[in-house]
Amino acid sequence: MLVGAWDTGQVMTALPLVFDAPKRGLPPRHLADLSVAERAAAVAELGEKPFRAKQLSNHYFSRLTVDPADMTDIPAASRSRLVESLMPTLLTEVRALEADRGATRKTLWRAHDGTLLESVLMRYPDRATLCISSQAGCGMACPFCATGQGGLDRNLSTAEIVDQVRSAAAVMRDGTMPGGPGRLSNIVFMGMGEPLANYKRVVAAVRRITDPAPGGLGIGQRSVTVSTVGLAPAIRKLADEKMQVRLAVSLHTPDDELRDTLVPVNNRWSVDEVLSAARYYADTSGRRVSIEYALIRDINDQPWRAELLAKRLRQHLGQLVHVNVIPLNPTPGSKWDASPKPVEREFVRLVNAGGVACTVRDTRGQDIAAACGQLAAEG
Ligand code: SF4
């Protein structure tokens, strides 16, 4: 999840918690919204041969193209009918900014109704990770996060989520990032929005991203991370989907008193409730849960909090947990700051000494506001 600006003068009371956005503004139906069976049915409804569904899927999910001119295996008349009804343009690139010598690229997208959203592609020596948005804006109102300050604009459709991935996969394949052609290997739902507040569309998007080509984009489920601020019932529901995706919980502090302010949804589901849902997820999926901890100077970086964090995680999750400490990223107007390095080192040391694996997350793209908590999708 995202970590950003807070004006400490802000009064944090009676925060609205929006769990589902109005349906207004969702784009027209797209191939990537549909399962393989639904695609065949949609093609038949248009009076086209069923195998056209597979041809279209092949273009979109395997060849990563949305350009009708590339689809020469489909006769022109059918092509325009199929593309018009099943592949409307969803996202138009407004601009792309680069940092880290081109190894980080933040793209600002405009949806059909003018909604703005962002995704960030990060290339490492051994992998390429795309951070995607699941909502435009966010209704969770975390006070230190740039995205949270603007409120929720709307949910993204399944296809709008998937299309961010398709575009990045094409960028990697075409070698337009330094390092030459490569493969998009990892997806993290850590861009704008709370993924589990857009549950159905996010789960469908995970299936499209991970189904083997040409049904989907063929990225392994174990290479996908779904992040949440802790919607406990939705975490349990996700566990029951029996997928292999990694769960990341943005905890940010082990005590309810501070968390009620830092992550307002904590007023609804306490630290204990969130961690026992996370345990259920770990037990069901057999995967370690990631705990995200944005370290903020003099707010949540005290030694006693590191000790309490380790204690509570050990109680609830045993060895099935790893803590990622994220140095707070600066955002305009923020009065909060990252903890000094010695404080950060001591925090990490104490969590590890408490028996819980803990490391500092490498941050990327600070200078283009692409780091955690900086995504604000300003046009
Ligand atoms: S849930 Fe994530 S994106 Fe939403 S306000 Fe909180 S930190 Fe920001």
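Biologist: Which residues are linked with E48 in a network of salt bridges?
Modeller: Good place to start, and please keep in mind that this is a predicted model. A salt bridge here needs a side-chain nitrogen of Lys or Arg within 4 Å of a carboxyl oxygen of Asp or Glu. E48 belongs to a network of such bridges, and its partners there are R52 and R81.

Biologist: How many salt bridges does a search of the whole structure find?
Modeller: The network of E48, R52 and R81 is one part of the picture. Another example is the pair R279 and D283, whose side chains meet at 3.1 Å, N to O. Over the whole structure, the search finds 17.

Biologist: Are R154 and E160, which meet in a salt bridge, buried or exposed?
Modeller: Their side chains come to 2.9 Å, N to O. Buried means under 20% relative accessible area. R154 has 2% and E160 has 0%, so R154 is buried and E160 is likewise buried.

Biologist: Which helix holds both R349 and E346?
Modeller: These two side chains meet in a salt bridge of 3.0 Å, N to O. R349 is partly exposed at 47% relative accessibility, and E346 is partly exposed at 32%. They sit three residues apart, about one turn of the helix, and that helix is α11 (residues 341-353).

Biologist: Is R312 buried or exposed?
Modeller: You will find R312 in helix α10 (residues 303-317). Beyond its neighbours within four places in sequence, R312 touches P254, D255, V271, D272 and L275. The cut-off for buried is under 20%, and R312 has a relative accessibility of 15%, so R312 counts as buried.

Biologist: Which strands stand at the edges of the sheet?
Modeller: The sheet is open, with 10 strands in the order β1-β2-β3-β4-β7-β8-β9-β10-β11-β12 and mixed pairing. An edge strand has a single partner, so one side of it is left without a neighbour in the sheet. The strands at the edges are β1 (91-99) and β12 (357-360).

Biologist: What is the bridge partner of R95 in β2?
Modeller: Strand β1 pairs with β2 (residues 104-111) in the antiparallel sense, over eight bridges. For R95, the partner in β2 is L108.

Biologist: What angle does the direction of helix α5 make with that of β3?
Modeller: Helix α5 (residues 158-174) packs on the sheet. The helix touches β1, β2, β3 (116-123), β4 (128-131) and β7 (186-189). Between the directions of α5 and β3, the angle is about 35°.

How values were computed. Residues numbered from 1 in each chain as written. Predicted model: local features only at pLDDT ≥ 70, side-chain atom pairs only at ≥ 80, totals over all residues. Heavy atoms only, no water. Pairing = 2+ DSSP bridges. Helix = DSSP H or I, 4+ residues; strand = E, 2+ residues; numbered from the N terminus. Contact = heavy atoms within 4.5 Å. Axes fitted to C-alpha atoms, helices over the stretch in contact; angles between N-to-C directions. Buried < 20%, exposed > 50% of the residue type's maximum accessible area, 1.4 Å probe, protein only.
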